Amino acid sequence: MPNKPAGPTKPSEAAGVRAARRRYVVVCALFWFPPGLSLASMVLLIGERGMSLAAIAGLFAAHSLTVAALELPTGGLSDVLGRRPVLALAGALNVVAFALVGLGTTLGVLATGMVLMGTARALASGTAEAWYVDTVQGCAGPDADLRTGLARGGSATSAALAAGLLVGGALPWLLSLGPDPGARLSEATGGAVLPLSVPLLLGAALRIVFVGYVLTALREPPRPPATLRAVLRGVPATVLSGVRLGGRDALVRRVVLTAATVGSALATVELLVPGRTVELTGGTGSGAMAYAVLACAGFVCLGVGSHLAPLAARLSGGGERAVLGCLATGAAGLLLLGVTASGAHPVTTALAVAGFGLVYLGLGAASPNENDLLHRRVPSTGRATALSVQSLAQQLTGALIGLVVGALRPGPLPWLLTGALLLAGALLWVRRAQPPRTPCAPPASAAPTVE
């Protein structure tokens with residue numbers, strides 16, 4: 001059944017909800033714009049520093065493994081210490097990480113930067129979203145509308161990634177024009193700053209802005225003073241509680257399993273689409289440019305899908321039905337990519353591009369509806385941990401399916417396999433979940449001050 005409002009919303013409550021929604025959107029944009037900047041240049045920059053392809057793969061593996069290893073502990077840390085200090089710490093670590101990767105010339109320095117970047121990513125995973133849900137429910141009660149803010153946050157994330165990708169790709173190119181200011185910059189810094197370094201260094205500067213905004217804008221109710229002993233004791237208990245919730249609550253279990261199928265879909269797209277663009281254009285340079293444009297379009301589709309999530313829920317009659325339809329749309333996109341995998345005709349290319357867009361549109365619309373359902377089953381004390389469990393399922397499954405897809409022969413099979421997995425994730429939502437036996441604990445009575 002769709003969630004019914006508890007009653008008329010007071011003007012002060014509505015103002016608080018709008019302020020929390022606005023600040024959550026700004027945080028999402030500020031956090032994800034720097035990674036967008038680095039998408040187009042990081043691999044090329046590390047290669048310019050003399051690292052082999054195997055070394056580059058090892059650096060990215062170090063980042064992924066760090067995120068996977070710290071997802072649950074950092075989620076528990078956010079639930080124990082608070083959202084604001086953990087987000088600020090993530091931003092501060094990212095300042096150092098982006099600077100090290102942008103300026104580093106040795107494998108050790110670059111590895112340190114990637115590990116710090118992975119640590120920051122784990123710290124931030126779900127933390128801003130947990131702050132938003134805590135704040136809105138503190139202002140307007142447990143039945144407050146969450147879906148609209150989650151959808152707008154998803155749209156802001158996608159827009160920031162798309163804009164960052166375009167700016168990060170254009171900056172090195174612009175620095176090579178005319179009198180070649182990029183070459184002069186490199187010469188003046190003894191080779192420490194290359195044109196490809198500029199997007200990462202700009203990202204480091206923007207992380208300082210992010211930290212300042214988090215510390216000044218994201219207010220939350222006071223928590224009991226946390227000692228080192230309390231943190232060390234509280235984090236494992238919180239993590240264990242989050243894992244147990246996923247095991248005993250059918251709806252939370254669906255969300256986690258769905259995240260796993262989404263991870264497999266994204267891993268397949270990210271692994272196979274660059275090769276298809278190279279085959280289509282006939283060269284690595286033109287293929288990389290085509291993929292950058294296509295990836296930007298994918299982020300736009302993701303943002304549009306996220307923006308349409310509340311409409312999808314209204315049209316389908318509830319969040320669970322919306323998740324079913326949106327994931328089925330994404331699966332249709334993967335299947336379309338599969339049936340067009342063997343051809344290079346303009347019509348098949350157009351269908352493949354349409355399938356690519358459907359994947360991101362469907363996943364973008366499904367995510368806010370899933371998380372709206374999740375937050376209504378998880379108490380505030382374990383909210384960030386639950387989001388970390390969801391993220392961990394997505395990343396680990398994505399890594400595993402990526403290995404499987406990489407071992408298969410290119411063609412329709414990898415796409416059809418992953419499309420079938422995502423369709424299975426959609427079918428998990430055919431039956432409505434039963435209400436929990438024990439209602440979720442309401443948020444703390446001390447509501448955050450949002451002005």
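Which residues form a nonpolar patch on the surface? They are Val 300, Val 304, Leu 308, Leu 311 and Leu 315, which together have about 430 Å² of accessible area.

## About the model

This is a predicted model, where local features need pLDDT of at least 70, side-chain atom pairs count only at pLDDT 80 or more, and totals for chains, interfaces and linings use all residues. Residues are numbered from 1 along each chain as its sequence is written, and side-chain values use heavy atoms, leaving out hydrogens and water.

## The surface patch

The elements giving two or more residues to the nonpolar patch are α12 (284–307) and α13 (309–316). Patch residues have over 30% relative accessible area and no salt bridge, with nonpolar side chains joined within 5 Å; a salt bridge is a side-chain nitrogen of Lys or Arg within 4 Å of a carboxyl oxygen of Asp or Glu. Areas come from the Shrake-Rupley method with a 1.4 Å probe, and helices are DSSP runs (H or I, at least four residues) numbered from the N terminus.

## Two residues of helix α12

Let's start with Val 300, which sits in helix α12. Val 300 is partly exposed, at 45% relative accessible area. Here buried means under 20%, exposed over 50%, and partly exposed in between.

Ser 306 also belongs to helix α12, but this residue is buried, at 3%. Setting aside neighbours within four places in sequence, Ser 306 is in contact (heavy atoms within 4.5 Å) with Leu 150, Ala 151, Gly 154, Ser 155, Gly 364, Ala 365 and Pro 368.

## A look at Ala 140

Ala 140 is found in helix α6 (residues 127–140) and is partly exposed, at 26%. Its C-alpha atom is separated by 7.6 Å from that of Ala 14, 126 residues apart along the chain.

Terms used:
Patch = residues over 30% accessible without salt bridge, like charges linked within 9 Å, V, L, I, M, F, W, Y side chains within 5 Å. Buried < 20%, exposed > 50% of the residue type's maximum accessible area, 1.4 Å probe, protein only.
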